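Here are my notes on the model, in the order I'd go through them with you. Have the coordinates open as you read.

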Protein chains: 2
Amino acid sequence: MKGTLYIISSPSGAGKSSLLKALFEKFNQNDSMYLSVSHTTRNPRPGEVNHVHYHFVTVDEFKALIERNAFYEWANVFDKYYGTSRELVQQALNNGKDVFLDIDWQGARQLRDMEPDTQSIFILPPSLEELRKRLINRGQDSEETINKRMSKAQREISHYDEYDYCLINDDFDTTLNSLWSIISANRCKVNVVKENFSQCLNNLLENYQKE
Amino acid sequence: MKGTLYIISSPSGAGKSSLLKALFEKFNQNDSMYLSVSHTTRNPRPGEVNHVHYHFVTVDEFKALIERNAFYEWANVFDKYYGTSRELVQQALNNGKDVFLDIDWQGARQLRDMEPDTQSIFILPPSLEELRKRLINRGQDSEETINKRMSKAQREISHYDEYDYCLINDDFDTTLNSLWSIISANRCKVNVVKENFSQCLNNLLENYQKE
């Protein structure tokens, strides 16, 4: 069994986190999907749970992981390490799970080079006005910060066409179903079926000599 | 708006006709899909409805269609003409509909050459034993005919890996949902979204200069 690796990107405010949360709640009863979680050496913030929000590790542990090439990518930001585990992703894929990586367009480019079979999905807000409204409604940011987020969002959005799929998140439930349809459809791709249902296919072509 | 052209193939008895019927009944309320129907000059059999089972035309009408290159392919079998209309398919695609062509692997090869953006789906029975059981349960054929159908089925099946998607029709409802997920997912492919939601995408990148 072999799962598929998915990259999910979107500008802040497009609804990516809520969609991933709902995807796993609604469609992962059989544990066929795995959401990749980053490693970090920073301390957990209040409410953050180990292995759910991050894998919290010591600097020594992190360095040992770097040593054995366990990361796709890692970075040191303000003296704290952050990394995306290649080992855990590969392990889940080899267990037949579809794996989801929540990264930006630059990370997506690197991942595609390393894992050419990756499927990538970009989630868009329905309009700039709606995106601004969602950012304002969060009530977290000043107008200046929101303006910065808006221009960062447009920069991110300008890369949408490097992705395989693109979801315009207008109605949440519609977008969630579309996201699930992408995952379901990929499980029907001929190469995936060939890998995961070889016994059935061997039975169907038993004793058959192709002309 | 531009739809996607789908080829659906399967050996006799795998459930293709029932699946297409259920697909249109359950998922075509908004008339976004179109099932291509062949033209023929033969007479309707009892129960056959014009434009549903075939487009029944006269020999002169058929020859005029050939003249104006209206067919993807046509054939004369026992002095009766049969053809697959390129005109009607293109018209439906240009109206934004997804179009379904029910053809065999040889027709599929030709279509892919003519329409490279075609998506193709192969429907398989879960096993040879199950396929034989289904053919016997139809109660239409002698054992000899069933044996012939079985070896023809294996020949057809041997071409499954020329298709983009492959559905193993074990449980009908599961297969129907998988079929629908393929169609839904294709509507989220970046090139399809680009074509069909250009106004939304233009809004999102308004005044933006890509670096």
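1. Start with the arginine over the ring: A:R112 sits over the face of A:Y163, 4.8 Å from the ring centre. In the other chain, B:R112 lies over the face of B:Y163, also at 4.8 Å from the ring centre. The rule here takes NZ of Lys or CZ of Arg within 6 Å of the ring centre and within 35 degrees of the ring normal.

2. Some housekeeping before going on. This is a predicted model, with pLDDT of at least 70 needed for local features and 80 or more for side-chain atom pairs, while totals for chains, interfaces and linings use all residues. Residues are numbered from 1 along each chain as its sequence is written, chains are lettered from A and ligands numbered from 1 in the order in which they are written, and side-chain values use heavy atoms, with hydrogens and water left out.

3. Now the overall picture of chain A. It has nine helices and nine strands, taken as DSSP runs numbered from the N terminus (helices H or I, at least four residues; strands E, at least two). The C-alpha trace of chain A spans about 70 × 45 × 30 Å along its principal axes. Of its 211 residues, 49% count as buried, where buried means under 20% relative accessible area, exposed over 50% and partly exposed in between (1.4 Å probe, protein chains only). Looking at contacts in chain A with a separation of 6 or more, 65% come from residues 24 or more positions apart; a contact is heavy atoms within 4.5 Å.

4. Which strand of chain A has six of its six residues buried? That is β8, residues 119–124. Both of its faces are covered, with A:Q119, A:I121 and A:I123 buried on one side and A:S120, A:F122 and A:L124 buried on the other.

5. Follow the pairing out from β8(A); two strands pair if DSSP finds at least two bridges between them. Strand β1 (residues 5–9) of chain A runs parallel to β8(A), joined by four bridges, and A:Y6 stands opposite A:Q119. Strand β9 (residues 165–168) of chain A is also parallel to β8(A), again through four bridges, with A:L124 opposite A:I168.

6. β1(A) also pairs with β7(A), in parallel and over four bridges; here A:L5 stands opposite A:V99. Strand β7 (residues 98–102) of chain A is mostly covered, with four of its five residues buried. Three bridges then join β7(A) to strand β2 (residues 33–35) of chain A, which runs parallel to it, and A:L35 faces A:F100 across that pairing.

7. There is also an open sheet of four strands in chain A, in the order β4-β3-β6-β5 with mixed pairing. Its edge strands are β4 (55–56) and β5 (71–77), each of which pairs on one side only. Strand β3 (residues 39–40) of chain A pairs with β4(A) in the parallel sense over two bridges, and A:H39 has A:H55 as its bridge partner. Helix α2 (residues 59–67) of chain A packs on this sheet, touching β3, β5 and β6 (80–85), and its direction makes about 45 degrees with that of β6(A). That angle is between N-to-C directions, on a scale from 0 to 180 degrees, with axes fitted to C-alpha atoms (for helices, over the stretch in contact).

8. Have a look at the aromatics too. Ring pairs link A:F62, A:F71, A:W74 and A:Y81 into a cluster, and the count over all chains comes to 18 aromatic pairs. Rings of Phe, Tyr and Trp (its six-membered ring) pair if their centres lie within 6.5 Å; planes under 30 degrees apart are stacked, over 60 edge-to-face and the rest tilted.

9. In chain B, B:T84 is found in strand β6 (residues 80–85). Is B:T84 buried or exposed? It counts as buried, because its relative accessibility is 7%. Leaving out residues up to four places away in sequence, B:T84 touches B:S36, B:A70, B:F71, B:Y72, B:E73 and B:L101.

10. Finally, the two copies. A rotation of 180 degrees with 0.0 Å of shift along its axis superposes chain A on chain B, with an RMSD of 0.0 Å. That is the relation of a two-fold axis. In chain A, the C-alpha nearest the axis belongs to A:S181, 2.2 Å from it. The superposition is by least squares on C-alpha atoms of residues with pLDDT of at least 70 in both copies. The copies meet through the same surface, because 100% of the interface residues of chain A are also interface residues in chain B.
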